[in-house]
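Welcome, and please take a moment to look over the model below. We will walk through its helices, its sheet and its cores together.

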Amino acid sequence: MAAVTIRQLLDSGVHFGHQTRRWNPKVRRFILTERSGIHIIDLQQSLAYIDQAYAFLKDTVAKGGTVLFVGTKKQAQEAVSEQALRVGQPYVNERWLGGLLTNFQTVSKRLGRMKELEEVDYEDTTQGYTKKELLMKKRELTKLQKSLGGIRTLTKAPDAIWVIDPLREHLAIDEAKKLRIPIVGILDSNADPDDFHYPIPGNDDAIRSVALLTKLMADAVAEGLIERHQKPEAEGNVSAVEPLAEWERELLEQSGEPAADAAPVAATDEKPAAKKAPAKKATADKVEPVKKAPAKKAAPAKDDAAAKKEPAKKPAAKKPAAEADKKPAAKKAPAKKPAEKKPAAKKAPAAKTEKK
C-alpha cells in the first residue's frame with residue numbers, strides 16, 4: 001500500500017482539475033463535482049489507482065526492470081530529475097527527442113559520443129586541438145548533456161514509463177505504445193485515459209501535486225530495488241551478488257530494511273563485539289598480576305636500598321679511626337693542664353713565705 005493519505009492529496013491540490021469547458025468526456029467517471037467552473041477529481045478513486053500503479057512499478061523493478069521518468073514542463077522538471085536520481089533511474093526533463101525509444105540504436109551512438117567528449121580536457125591545448133576546436137567540442141558536449149544527460153545509463157528500452165501531462169508528452173506515449181511499454185501517468189480532466197495502462201486521476205499542473213505523485217512512484221521503485229536485492233541467489237538473482245551502488249545503499253539505510261549483502265556486513269560487525277568480551281576478561285586478568293608485581297618488586301627494591309645503605313655505613317665504621325686519631329689530640333690537652341697547674345702550685349708557697 002502506498003504511504004499517502006487523502007489529507008496529503010488535498011494539501012497538495014491533487015483534486016483540482018481543468019475548467020469545465022476544457023474537459024475530456026472520457027474522464028467523467030473520475031470527476032466528483034464541479035465548483036466555480038472547475039472540475040473536482042474524486043480522491044477516493046485516485047487513492048485506489050495510486051495503489052495499483054505503486055504495486056505495478058514495485059513488481060517491475062523487483063524483477064530487474066527500469067522505469068523512465070518523463071516530464072518536460074517547468075512544473076515537473078525539478079521533481080522528475082530529483083526523484084529519478086534518488087532511485088538511480090533514467091529521466092527526460094528537457095525536450096523529448098523523436099525516436100528516443102523506437103530508434104534507440106542511433107541514440108546509443110550519441111551517448112557514446114557524449115562520453116568521448118567528457119574525457120577531453122578542454123583546458124589543455126597540447127592535445128592536438130586548437131582553441132576553436134576545443135570550444136566547438138565543449139558546445140557539443142553541453143548540448144548532448146542537456147538532451148541526453150538523464151538517459152546516459154539507459155542501455156535498452158525501459159520496462160515502464162512515468163509520464164506527466166500526456167498532452168505535452170504525446171511523442172513519448174506514441175513511441176511507448178509502438179513498443180508496447182506500460183505507461184503510468186497523471187490523468188488530468190483534459191487528458192485521455194486510454195493513453196495510460198495505469199492512470200492516476202489528479203492535477204498535473206500544480207508543482208506540489210506533481211512532486212507528491214512523482215515521489216510516490218519513486219518510493220515504489222525504491223521498494224522494488226530493496227526487494228530485488230533481498231531475493232536469494234538460488235533464484236538466479238544476479239543483482240543480489242553484485243555490489244550495491246551508493247544510491248542503493250542510501251535507500252536501504254533510509255528504509256531500515258537490510259539487503260542480502262548488508263546482512264553479512266551486520267554479522268561481521270557483531271562478531272568483533274563478541275570477541276571484545278574475552279578481550280576485556282584478559283585485560284581484567286592481567287590487571288591483578290600487574291598490581292601484585294610491584295608488590296613483589298618492592299621487597300627487592302628495599303633489599304637493594306638496604307644493600308646500598310650498608311656500604312654507606314661502612315665509611316661510618318672508618319670514623320672511629322678518625323676519632324681515634326682525634327682522641328690523642330684530646331689527651332694532649334690534659335698533658336698541658338698539669339703544666340699550667342704546676343706553676344700555680346709553686347706560686348702559692350711563694351706567697352705564703354712573703355706573708356710570713
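This is a predicted model: local features need pLDDT of at least 70, side-chain atom pairs count only at pLDDT 80 or more; totals for chains, interfaces and linings use all residues.

Which residues of H3 are buried? They are Ala76, Ala79, Val80, Ser81, Gln83, Ala84 and Val87, where buried means under 20% relative accessible area, exposed over 50% and partly exposed in between, with a 1.4 Å probe and protein chains only. An α-helix has 3.6 residues a turn, so residues three or four places apart point the same way.

Residues are numbered from 1 along each chain as its sequence is written, and side-chain values use heavy atoms, with hydrogens and water left out.

**The chain as a whole**

The protein chain holds 9 helices and 8 strands; these are DSSP runs numbered from the N terminus, with helices (H or I) of at least four residues and strands (E) of at least two. Of its 356 residues, 35% count as buried. Among contacts (heavy atoms within 4.5 Å) with a separation of 6 or more, 62% join residues 24 or more positions apart.

**The sheet**

Five strands form an open sheet in the order E5-E4-E6-E7-E8, with parallel pairing; two strands pair if DSSP finds at least two bridges between them. Strand E5 (91–92) and strand E8 (198–201) are the edges, each pairing on one side only. Here are some pairings inside the sheet.

| Strands | Sense | Bridges |
|---|---|---|
| E4 and E6 | parallel | 4 bridges |
| E6 and E7 | parallel | 3 bridges |

Valine 163 in E6 is the bridge partner of valine 70, and valine 163 also stands opposite glycine 185 in E7. Isoleucine 161, in turn, is opposite isoleucine 183 in E7. In a regular strand the side chains alternate between the two faces of the sheet. Both faces of E6 are covered, with buried Ala160 and Trp162 on one side and buried Ile161 and Val163 on the other.

**Two nonpolar cores**

A nonpolar core is a set of buried Ala, Val, Leu, Ile, Met, Phe, Trp, Tyr and Cys residues joined through side-chain atoms within 4.5 Å. In the largest one, which has 34 residues, Leu9, Leu57, Val67, Phe69, Trp162, Leu213 and Met217 touch the most other members. Helix H2 (43–62), strand E4 (67–70), helix H3 (74–87), strand E6 (160–163), strand E7 (183–187) and helix H7 (207–230) each give two or more residues to this core. H7 provides the largest share, 10 residues. A second, separate core has 31 residues, including Phe30, Val163, Ala172 and Ile181.

Apart from neighbours within four places in sequence, valine 67 is in contact with Leu57, Val61, Gln89, Pro90, Ala160, Trp162 and Val221.

**H2 against H7**

Two packed helices are described by the angle between their axes and the distance between the axes. For H2 and H7, the axes come within 7 Å and cross at roughly 35°; axes are lines fitted to C-alpha atoms, for helices over the stretch in contact, and angles run from 0 to 180 degrees between N-to-C directions. Ile50, Ala53, Tyr54, Leu57, Lys58, Val61 and Ala62 are the H2 residues that meet H7. Their partners in H7 include Leu213, Met217, Val221 and Arg228.

**Two loop residues with positive phi**

Most residues other than glycine have a negative phi, and most peptide bonds are trans. Serine 36 has a positive phi, near 55°, and sits in the loop between strand E2 (31–35) and strand E3 (38–41). Aspartate 165 also has a positive phi, of about 65°, and lies in the loop between E6 and H6.

**Isoleucine 31**

Isoleucine 31 belongs to strand E2 and is buried, with a relative accessible area of 18%. Leaving aside neighbours within four places in sequence, isoleucine 31 is in contact with Trp23, His39, Ile40 and Ile41. Its C-alpha atom is separated by 9.1 Å from that of histidine 15, which is 16 residues away along the chain.
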